[in-house]
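Student: Could you take a close look at one spot in this model with me, and then show me what the rest is like?

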Amino acid sequence: MNPFHKIFFVGVVILSVAVGSYFNGTRSANGDQVASIIISATDAAPAAENSQHVGTAQPATSNDSTTSNDIKVNGQSDVSTQNQNDNSKTVLDNGALLKPDLSFQKDAFHLTGSTKLTAGGSAQPPEIQAEAAMISDLKTGRTYFQLNQNFRWPMASLTKLMTVALALKNMDLNQPIKIGEEPGYTYSGNDILNIILITSQNEAAEALANIYGRNNFIAGLNSLAKEFGMSSTNFSDPTGLSVANQSTATDLQKLALNIYQNHPKILDITRKKSVTVTELNLKKKTKLSNMNIFAGTAGFGGGDTGYGDDANSNSLSVFSYANRPILVIVLGTDDSFGETEKLMDWFKNNYK
C-alpha cells in the first residue's frame with residue numbers, strides 16, 4: 001500500500017467513526033434521553049388544566065395555557081380553543097391599591113418557608129367544589145391558582161359587569177332612564193347603575209339596553225368583549241338570564257383587569273354595603289342593600305355575584321392583601337362566597 005492509499009484509508013476510518021457518533025447521539029436524543037428541569041417554588045410551571053369539568057385544583061404561577069372544551073347551548077355544541085398569554089403589566093389607578101406597579105416583572109408574593117409543597121414544587125391547593133376558579137394579582141396579571149380556567153360556563157349576573165362597563169363607555173348617563181312600562185319609575189343614569197350593581201335588578205339592565213337599542217347593545221357587549229381579548233365569551237342579553245351568556249375564568253380575569261383600569265366606578269359601587277337612590281318623579285329615596293355578603297367588609301375592593309339554574313352560583317371578587325388587589329373568581333358552585341373565602345384564606349396562608 002503506497003503512502004497515498006494509507007492516508008485515504010485512515011481518512012475513511014475517521015469519517016466513519018464521526019458519522020456513527022452523530023447518528024447514535026441523534027437516536028439517543030429522540031429515544032432514550034431523559035431531561036430534568038429544576039423548578040423553584042415561586043417559578044413552578046403553569047398547572048395543566050383538568051380534563052374534567054370539576055377536578056383537582058392546581059396552584060399556578062402563570063395563566064399561559066391552551067385548552068378546549070364543549071358545552072351545549074340550546075342543543076348546540078360550542079367548541080372553544082384558546083391560547084392564553086396574559087402576563088400583563090397594566091398600570092392601574094384606583095386609589096392605594098392601584099398605584100403604578102414599577103416592579104411588575106417581579107413576583108409580589110412568594111411562598112412562605114413553612115408551606116407544604118407538592119412534588120412539582122407548588123403550594124398544596126385547597127379542595128374547591130366548583131366548575132372553575134382562579135386567584136391572580138391584578139397589578140401583574142400573575143396567576144397563583146387556577147382550576148379549569150378555560151372552561152366555558154354560564155355567567156348569570158356576572159354579565160352585568162360588562163353591561164355597566166359598556167354603559168359607562170358609550171352612553172350618556174346624565175339623562176333620566178325609566179324602568180318598566182307606563183307609568184314606570186324614573187332614575188338618573190347613575191342611580192340605574194347603582195340598582196344594577198347593588199341589587200342585580202334585571203329590569204334596570206334591560207332599561208339601559210332599551211335606551212341604547214337592545215340589539216345594538218348586545219352587539220356592543222360582544223364587541224367590547226373582543227376589545228378586551230375575551231375570545232371565549234358570548235353575550236345574548238344584558239342581564240345574564242340566558243344560558244348562552246358564557247365566559248371562562250381566564251376571560252373574566254381580563255374583564256376585571258379592564259374594569260380596574262378603565263371603569264373603577266364599578267368597583268367603587270360594588271364594594272358598598274348599601275346605597276340610596278331617588279325616583280325622580282316622586283322624589284322618593286330608597287335605600288338598597290348589597291346582596292354581596294363581602295360588601296362593606298374590610299379588605300373587599302368590589303366585585304359581583306350571580307346565580308342561575310344553569311350557572312349555579314358564580315362570583316368575581318377583588319380583595320386588598322398586602323396593599324395589592326387580589327382577584328378571586330369562582331364559577332359553578334353551591335356556595336360561591338364560601339369557596340371564595342376558602343381560596344382567599346389559602347392564598348393568605350401560603351403567599352407573603
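Student: In which helix is the place of Gly-338?

Tutor: Gly-338 sits in helix H8, which covers residues 336-350. Before we go on, this is a predicted model, with local features needing pLDDT of at least 70 and side-chain atom pairs pLDDT 80 or more, while totals for chains, interfaces and linings use all residues. Residues are numbered from 1 along each chain as its sequence is written, and side-chain values use heavy atoms, leaving out hydrogens and water.

Back to Gly-338: its relative accessibility is 22%, so Gly-338 counts as partly exposed (buried is under 20% relative accessible area, exposed over 50%, partly exposed in between, with a 1.4 Å probe and protein chains only). Gly-338 and Gln-129 are 209 residues apart in sequence, yet their C-alpha atoms are 9.9 Å apart in space.

Now zoom out. The protein has 8 helices and 14 strands (DSSP runs numbered from the N terminus: H or I of at least four residues for helices, E of at least two for strands). Of its 352 residues, 51% are buried.

Look next at helix H4 (residues 202-212) and helix H5 (residues 214-227). Their axes are 6 Å apart and the packing angle is about 105° (axes are lines fitted to C-alpha atoms over the stretch in contact, with angles from 0 to 180 degrees between N-to-C directions). H4 and H5 are therefore roughly perpendicular to each other (65 to 115 degrees; under 35 is roughly parallel, over 145 roughly antiparallel, the rest oblique). On the H4 side, Glu-206, Leu-208, Ala-209, Asn-210 and Tyr-212 make the contact, and on the H5 side Arg-214, Asn-216 and Phe-217 do (heavy atoms within 4.5 Å).

Leaving aside residues up to four places away in sequence, Leu-208 touches Thr-163, Ala-167, Met-171, Leu-173, Ile-177, Ile-192, Leu-193, Ile-196 and Phe-217. Leu-208 and Ile-192 are also among the residues that touch the most other members of the largest nonpolar core, which has 56 residues (a core is a set of buried Ala, Val, Leu, Ile, Met, Phe, Trp, Tyr and Cys residues joined through side-chain atoms within 4.5 Å). Helix H6 (residues 249-262) gives this core its largest share, 7 residues. Apart from it lies another core, of 22 residues, including Phe-109 and Met-344. In soluble globular proteins, nonpolar side chains tend to be buried together.
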